[in-house]
Amino acid sequence: MKYLDEYRDQRIARALASEITQRTTQPWVLMEICGGQTHTIMRYGLDELLPRGIELVHGPGCPVCVTPLETVDKAIELALRPDVTLVSYGDMLRVPGSSSDLLRAKAQGADVRIAYSPTEAVKIARSNPERKVVFLAIGFETTAPANAMAAWQAKREGLTNFSMLVSHVLVPPAIRALMTSSNNRVQGFIAPGHVCTVVGCREYETLVRDFRIPIVVGGFEPVDILEAVLLLVRQLEAGEARLENQYARSVSYKGNVPAQEIMAEVFEVADQKWRGIGPIPQSGLRLREEYAAYDANRVFELGEFTVDEPAECISAQVLQGLKKPTDCAAFGMRCTPENPLGAPMVSSEGACAAYYHYRRHAIEN
Amino acid sequence: MSPKSVADINLDLSCPAPIAVKDTILLGHGSGGKLSAELIRDIFLPAFQNPVLAHMDDQGVVSVNGQRLAITTDSFVVKPLFFPGGDIGSLAVHGTVNDLAMGGATPLFLSVAFIIEEGFAMEELRRVVASMRQAATAAGVQIVTGDTKVVEKGKGDGLFINTTGIGVVPEGVDFSADQAQAGDKVLLSGSVGDHGIAILAQREGLEFETQIVSDSAALHGLVSEMLSVTREIRCMRDPTRGGVSSTLNEIAQQSGVGIELQESSLPIHEQVKGACELLGLDPLYVANEGKLIAIVPAEVADVLLETMRRHPLGGEAQIIGTVTKKNPGLVTMRTPLGTTRVVDMLAGDQLPRIC
């Protein structure tokens, strides 16, 4: 397939891996932020190609994984109301809340639908005026413009039966929180290419300056990731800390300005809780006051959900790169994709599920 | 901004309690993956246990007066009812004919049961029935008995069809999924994922146009050609729901062997690859309705491959992997980069990813 096969080419991948090996003179800990990148690393076994000194740790960039338990519980409660149609991205359906998940709510009769685009939810609202349609609007900066567009369209059309349960997170505040943690081991970041396609590179320059840490904006195919690792290793070995853009075929310095404008029109930055990590100041997006009529929290007067959670799952340490999924005693035993203890085992982009699906043979042998 | 250190926050870490799986039926129980396997193991097998069922093949083979008969049944709930390359009627004939053929049987007779929702258009029923007749004639099977039930409006989804089939198993033919041995080769009769993607592309709300056509076809002619070359075949399966990965995982588990695939030898059409990339799906989990997987001893693999490629339904056949002693019960795949990964069984329904 054009534009994909080139980035999965075995000769290029092997050449990159061998240059990484040549240039690595000491151990380095690198973090890929995005779950899509983790997925590629596991699916293609890229860790097998890297020298021992390079340790890849997996960051918090799986939107499904970091969506707070409270949001999942709220979505389930809304879905179970007889007059509500809940529309969601597919992989949120299996994420465990505190006592159920959306697939089980569906089995109990809830009207839960999968959409590929939030504007499909607007369409459902338009053609079903008797239903209260709620879109579960989650994700990073990547999904924010499309989610914003859905609210904007609904407002422009004056729809009164459409709202969004918003749980949006931002990458740069998470990197900042990781870097200021006393536990931090990460020496270089692969920044998420899709996020930078939308918001550009400026904020990442600030991070490089503030923490003197190399950041490479990286893509999602095997060659992209290996090249990003190589760029990081070159900088680290030379004692440099710069922002580099490996994913230049998609990412520009300024990013996608119209997408940023619609985000700014609909959303404002707010404090946000991350599942498995906790609250991070100014790390999320919420609907602006002008869009209050489309905020499911207000429309349905959901109030505060507080949920107590047991502590066997080590997802917090996994999402911060402090531990590997296989360090968990429950991994593959009490915690599997069919019966997940924590969100990183649910989504195929979650680090635990990626290990379970693709690397189990290496662990068992 | 001075964020609270993550280390300080570690005290209120989140992790949900496990949720019991066994309280209700979920859609995933019908997906042909792990949940389906659990349902069979925990509910059906203990209730109906007998030596024929214990083989866990797609058909039961019984002996009547010295004649070995294969029996199988399948229900069809596909939506939309009409799709590029077929419809629920032709699918109901092909599906059951194929389940017989995968036991090496020559399909002879079918029964058909219709469960129809009140208000269903008579013209659509006529189209479905005409398509069944055509498919049965082409496959050389007769529909010799049937049943009709009508359910109230809202209690069905238009039309469901069940077909049951009977066929004769020739002498010397004995396929079963517990017979794969280290060193055997894995043959696949053609491209992966066409049916599932053709159906998905038709579904409401996807706004996704493709030229992909379902591969729905009766496979017993191809099987018969293969049997005319050799009867030394360990097992055959058609990778329908759950796709190639679920079928191979079942064989690996039932035979207690590992299976190693070569990713570069998997035949996948560019359009299916593209659709899967866009939709966040893995073609190895997407359903097929006109493909077979055969596990065969290495010494007959090449001659069988040539035979398959000469048949109209096997033109794109490939040897896609090898049965190994290593990793018993697991399916692994050599990637084009020379690394190895697990090809897991599907846990529930395959869900599209957010990004």
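Two strands pair if DSSP finds at least two bridges between them. Helices (H or I, at least four residues) and strands (E, at least two) are DSSP runs, numbered from the N terminus. In chain B, strand β10 (residues 258-262) and strand β12 (residues 318-324) run antiparallel and are joined by four bridges. Leu261(B) stands opposite Gly321(B) in β12(B).

This is a predicted model, in which local features need pLDDT of at least 70, side-chain atom pairs count only at pLDDT 80 or more, and totals for chains, interfaces and linings use all residues. Residues are numbered from 1 along each chain as its sequence is written, while chains are lettered from A and ligands numbered from 1 in the order in which they are written. The model scores ipTM 0.82 and pTM 0.87. Chain B averages a pLDDT (the predictor's confidence in each residue, from 0 to 100) of 89.

Strands β10(B) and β12(B) belong to an open sheet of seven strands, in the order β9-β11-β8-β12-β10-β13-β14 with mixed pairing. Its edge strands, β9 (235-237) and β14 (340-342) of chain B, each pair on one side only.

In chain A, nine of the nine residues of helix α2 (residues 35-43) are buried, so the helix is largely enclosed by the rest of the structure. A residue is buried if 20 or more other C-beta atoms lie within 10 Å of its own, exposed if 12 or fewer, and partly exposed in between; C-beta atoms are placed from the backbone. The buried residues of α2(A) include His39(A) and Arg43(A). Gly45(A) follows α2(A), with a positive phi near 60°.
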